[in-house]
Amino acid sequence: MKILARVEKIPGGLMIVPLLLGALLNTLAPGALDIGGFTEALFKDGAMAVIGVFLVCMGAQLPVRAAAPVAEKGFAILIGKLLAAILVGIVAGVFMPDGTLWTLTPLAIVAAMSNSNTGLYAALTQEFGNKTDRGAVAVICLNDGPFLTLLVLGAAGMANIPLLSFVAVLAPVFLGFVLGNLDPDIRTFLKSGEKLLIPFFAFPLGAGINFRDIASAGPSGILLGFFTLLLSGGFAVLLLWLVQVLSRRPKTRRNLISGVAESSTAGAAVATPAVVAAADPSMNSIVETATVQVAGSVVITALLTPVVTALFYRWQMKRGIDPAHEYEDPALNGAVGE
């Protein structure tokens with residue numbers, strides 16, 4: 001039936017098709033997977049565990065000499081995404097008469113635009129990027145959780161949360177990195193997991209999405225999704241491009257795919273408004289509105305980020321910019337199908 005071949009013809013198909021199936025099932029029959037046993041553990045609750053294994057496999061493919069390029073990319077796209085969130089949040093909260101931008105609250109803007117879907121990023125850079133693109137997840141995981149939102153909005157006192165979140169994401173990557181560099185056979189053994197595991201965490205991620213959230217979020221949630229996709233992703237790409245220009249990298253090696261893959265909002269960001277309000281009670285009145293708006297951004301970006309990333313990859317390739325040949329050292333490249 002050539003199911004796999006057909007799925008892989010779709011941009012980001014290994015990620016987006018299972019994700020959409022999971023979301024469709026959750027929308028039409030929300031309790032269908034609540035039957036316990038292996039079914040519920042794998043297809044509803046298993047995303048984080050499978051992503052953890054995926055990160056071990058990914059980390060094992062990073063040679064020691066990839067550390068500098070990984071840090072360069074990771075901090076460029078992390079800071080670019082954060083700058084976009086800050087600028088749009090300031091426009092809404094400071095320059096708009098009612099403190100909102102087309103009904104979007106600064107809390108929702110910063111929560112959605114400064115956060116990113118780590119699993120989606122890892123899957124997209126596995127399909128369209130190289131080892132340094134995938135390795136940058138060790139840096140961008142800093143935006144997991146409410147830390148950057150709290151920082152930007154000026155709510156202090158919860159600095160321990162981001163540190164723990166950072167360590168929690170970095171540990172599997174670091175474990176794979178150490179094992180892969182200590183034993184090349186382990187690196188080879190874990191290599192297949194980078195691609196094999198994508199559908200198995202994509203489906204449960206989708207099973208946490210409900211298409212009705214788009215309707216409940218209304219135009220403001222959809223608008224926030226496009227802001228996140230175009231502005232936070234755009235700033236990430238812009239800052240990464242600037243770093244590469246300043247380092248005098250040849251035009252044909254200015255691979256920007258990691259910036260585009262970072263243009264999403266993680267599902268966990270839906271809880272950020274409530275966390276921020278716990279630190280700053282003055283925001284309690286807008287928590288419900290902000291939560292719904294962030295949920296809209298989660299759904300919109302989950303659907304569109306893979307498509308935009310695939311289109312951007314094709315645009316790069318037409319201009320001779322192949323992520324598989326970004327570096328002179330072959331050990332730093334390694335795209336799918338190598």
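## A buried glutamine

A polar contact is a pair of N or O atoms within 3.5 Å; within protein, one must be able to donate a hydrogen and the other to accept it, and residues adjacent in sequence count only if both atoms are side-chain atoms. The model is predicted, with local features needing pLDDT of at least 70 and side-chain atom pairs counted only at pLDDT 80 or more, while totals for chains, interfaces and linings use all residues. Residues are numbered from 1 along each chain as its sequence is written, and side-chain values use heavy atoms, leaving out hydrogens and water.

The side chain of glutamine 293 reaches the backbone nitrogen of threonine 105 at 3.5 Å, and a polar atom of that side chain lies 2.8 Å from the backbone oxygen of threonine 103. Glutamine 293 sits in helix 18 (residues 287-318), helices being DSSP runs of H or I with at least four residues, numbered from the N terminus.

## The chain as a whole

The protein chain has 18 helices and zero strands, strands being E runs of at least two residues. Of its 338 residues, 52% are buried.

## Nonpolar cores

A nonpolar core is a set of buried Ala, Val, Leu, Ile, Met, Phe, Trp, Tyr and Cys residues joined through side-chain atoms within 4.5 Å. In the largest one, with 48 residues, Met15 and Phe201 touch the most other members; helix 4 (residues 47-60) supplies the largest share, nine residues. A second, separate core of 19 residues includes Val88, Leu104, Met113 and Phe227.

Conventions. Buried means under 20% relative accessible area, exposed over 50%, partly exposed in between (1.4 Å probe, protein chains only).
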